[in-house]
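Hi,

Here is the structure I promised to pass on to you. Have a look at it first, and my notes follow below.

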Amino acid sequence: MDKVLIVEDDRDIAKLMAIHLSDLGFIIESTSDGKEGLLKALNNSYRIILLDIRLPGLDGMEVCKKLRQEKNSTPIIMVTSKAEEIDKIIGLEIGADDYITKPFSIRELLARVKALLRRADTTEYLKEISGNEEVRVDGLYINKSMRIVEVYGKRIELSPKEFDLLVLFSTNPGRTYTRSQLLDMVWGYQFEGYEHTVN
């Protein structure tokens, strides 16, 4: 089961986040100390890290910077009471993936977590398929760089999105996808809310 790390020194906020994220099926680990959070993040595998900026031991900006220096690519959402634009910019520039300012609604937090995880899954999928130039499944042949599709030697003409969908399905046989997942993986996460496009 996937784990989420919460690094937050406000215990009430940390507990609230933990309750709602565990409802999504995540195992929650938390700490209120920046140094301990860094060690946990470096020595364990998490699907996402929720990282407060103002922390004892080591502040969230430093934790984020050190994780990225160590090539740790776990998605990070910075959680803070700082609302100044410069803090958001610095956080994103040192490697955070998103930013949420206290006070926030749980609904907004969960929406940001879900969107970030979809983006991470999309990135992982693109990495997986980028190394394989050709796909062969029974009588189906796909050349990804030349965007050629043949079925038993006969060329098939597809639109760009049809081609991308075919590559996705043929490289993940037996897997099912929601419309939202297909929208993110093929159209891009900026199309969120346009699930009918997939039809």
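Please keep in mind that the model is predicted. With a relative accessible area of 34%, L158 counts as partly exposed, because that class covers values between 20% and 50%. Together with V151, Y152 and I156, L158 makes up a nonpolar patch on the surface, and the four have about 380 Å² of accessible area together.

Now for the inside. In soluble globular proteins, nonpolar side chains tend to be buried together. Here, the largest nonpolar core has 19 residues, and I6, L21, L50, I77, L109 and V113 are those with the most contacts inside it. At least two residues of this core come from each of β1 (3-7), α1 (11-23), β3 (48-52), β4 (76-80) and α5 (106-130). The largest share, six residues, is supplied by α5. As for L109, its contacts include M17, L50, I100 and F104, once neighbours within four places in sequence are left aside. There is also a second, separate core of 18 residues, with L5, L38, V63 and Y99 among them.

Finally, the chain as a whole. Seven helices and nine strands make up its secondary structure. The chain has 199 residues, of which 43% count as buried. Its accessible surface comes to about 11,400 Å², and carbon and sulfur atoms account for 50% of that. Of the contacts between residues at least 6 apart in sequence, 50% join residues at least 24 apart.

Enjoy exploring!

Best wishes

Technical notes:
Residues are numbered from 1 along each chain as its sequence is written. This is a predicted model: local features need pLDDT of at least 70, side-chain atom pairs count only at pLDDT 80 or more; totals for chains, interfaces and linings use all residues. Side-chain values use heavy atoms; hydrogens and water are left out. Patches are made of residues with over 30% relative accessible area and no salt bridge: like charges are joined within 9 Å, nonpolar side chains (Val, Leu, Ile, Met, Phe, Trp, Tyr) within 5 Å. Accessible areas come from the Shrake-Rupley method with a 1.4 Å probe; for residues, only the protein chains shown count as cover. A salt bridge is a side-chain nitrogen of Lys or Arg within 4 Å of a carboxyl oxygen of Asp or Glu. Buried means under 20% relative accessible area, exposed over 50%, partly exposed in between (1.4 Å probe, protein chains only). A nonpolar core is a set of buried Ala, Val, Leu, Ile, Met, Phe, Trp, Tyr and Cys residues joined through side-chain atoms within 4.5 Å. Helices (H or I, at least four residues) and strands (E, at least two) are DSSP runs, numbered from the N terminus. Contact means heavy atoms within 4.5 Å.
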